[in-house]
Amino acid sequence: MRRLILATFAACLIVTSHGLAETDDQVTARSDVIDLAGAFQNDGFKIRDGNFLGQISKDHSQIVAVNLYSGNAYWFTASTGQKVDKLKVSLFDDAGKPVSYMPYQSGPRAAAGFSPDASGLYYVKVALEEGQPATFCLIYSYK
Amino acid sequence: MLVLRKWLGVSVIALVSAFSASADQQPAGNTTTAADSPLSAEELKNAASVDALTVPTPGEFFKAIEKGGKPNWTSQYRPPVSIKSTDRAQMALNLGTLIADGYIAVEAHDGQQVKNVGKDVLALAKRLSVSQSVLARSASITQFAENDAWDQLNEELEATQNEVKKALEENRDTDLITLVSIGGWIRGTEVVTGLVLQNYSADDARLLRQPALVSFLKNKLTKLPGKLQKDPVVQNVNRDLDGIQKMVSFSADHVPTEGEVKDLNLAASKLTKEIGAPE
């Protein structure tokens, strides 16, 4: 019985540590996306200290809800950090209709620049156009 | 708007320059696009909402109000809040409001006030057992305040807020994270509406449209454990957010009148006071 309890406890610890620790892919994706967003800092954009890490494939995009303020300018930046991937970031209003934005695509890195006319809810879509299923990291900058 | 577009355009140039070595690069210059297919109902339903990206920081809210001119930030200071309560929910809500106070002091370029608020944040963090995370930042906050390094201070405040939330998570106090965010948003709304009323303009009033954000926060409240939901302060917040949600849920083409902004200011001020009131 004691062995069973110990084994269960050990298993819980392993599961917990896996749940908390970041994988190498997540670290790579985050490091790469911060590198990309750094290009905007010289232009006065501030990188928000928060990110979204997710899994993506050609058949499965990820969509994240964000609340933006009219008057601010934003850059949404994503990366998988994997050389062969082709990523795309696009933006939609609260009804899911596409909005005009400034796109940027460079293999595993992509970004979308946007200045909302109205404050409120918007959606950021990160899609993998080419490449194997991968981990990506999404961040945003504003000014 | 045109100026903002120009800023974004400059950024694209910076981005393209920074990564010009990339072979498969497809810079789009400063063109705009809306050629994407609309999101399906399924996609909208499954969209992720995460505290770290979905809830804007008070600093982001304050940055937007600055576009109309330099606001009188010191007019939005409030007397120091004395929290004697042992109610952890109330402490978490207050921690959020105090962090928002830190952003106000940074916007006002008031080093002494930054340090004062920093001490209050640290005292409250200690009582929530997350002081280590704040302590690690407090030295640099003091240093930046003494050196008038306002941009770095803004970043430190945001990092402090995230460290507090991370520490709460590590302490298995995940439920309190929502309350920190709510406290920050309510105080931020009180401040922004106060500033809009000082020099009313349609552009500034439009900033107050945030229906989905309040809905997201309220949804998080409904997921709190039963014990926390029965907390009198949390019940007050939940009830008052119903009214506030209606006030910030207007169509994109509506401009809130001065009277509507005043109503929202009164509601946010009342709730901030309730959160800070001794038990």
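Chain B has 14 helices and 1 strand, where helices (H or I, at least four residues) and strands (E, at least two) are DSSP runs numbered from the N terminus. This is a predicted model, in which local features need pLDDT of at least 70, side-chain atom pairs count only at pLDDT 80 or more, and totals for chains, interfaces and linings use all residues. Residues are numbered from 1 along each chain as its sequence is written, while chains are lettered from A and ligands numbered from 1 in the order in which they are written.

Of the 279 residues of chain B, 42% count as buried, a residue being buried if 20 or more other C-beta atoms lie within 10 Å of its own, exposed if 12 or fewer, and partly exposed in between, with C-beta atoms placed from the backbone. Among contacts in chain B between residues at least 6 apart in sequence, 76% join residues at least 24 apart; two residues are in contact if their C-beta atoms, placed from the backbone, lie within 7 Å.

Helix α5(B), residues 88-107, reaches 29 Å from its first C-alpha to its last, close to the 28 Å expected at 1.5 Å a residue, the expected span being 1.5 Å times one less than the number of residues. Because 19 of its 20 residues are buried, α5(B) is largely enclosed by the rest of the structure. B:His109, which follows α5(B), has a positive phi near 55°.

Helix α4(B), residues 58-65, is mostly covered, with 8 of its 8 residues buried. These buried residues pack against β9 of chain A, and also against α5, α8, α9 and α10 of chain B.

In chain A, strand β3(A) is largely enclosed by the rest of the structure, because 6 of its 7 residues are buried. Two strand pairings, for which DSSP must find at least two bridges, are set out below.

| Strands | Sense | Bridges |
|---|---|---|
| β3(A) and β8(A) | antiparallel | 7 bridges |
| β2(A) and β9(A) | antiparallel | 5 bridges |

Within these pairings, A:Gln62 has A:Val126 of β8(A) as its bridge partner, and A:Gly54 stands opposite A:Phe136 in β9(A).

Chain A averages a pLDDT (the predictor's confidence in each residue, from 0 to 100) of 86, and 85% of the residues score at least 70. Among the elements of chain A, β3(A) has the highest mean pLDDT (97) and helix α1(A), residues 2-20, the lowest (45).
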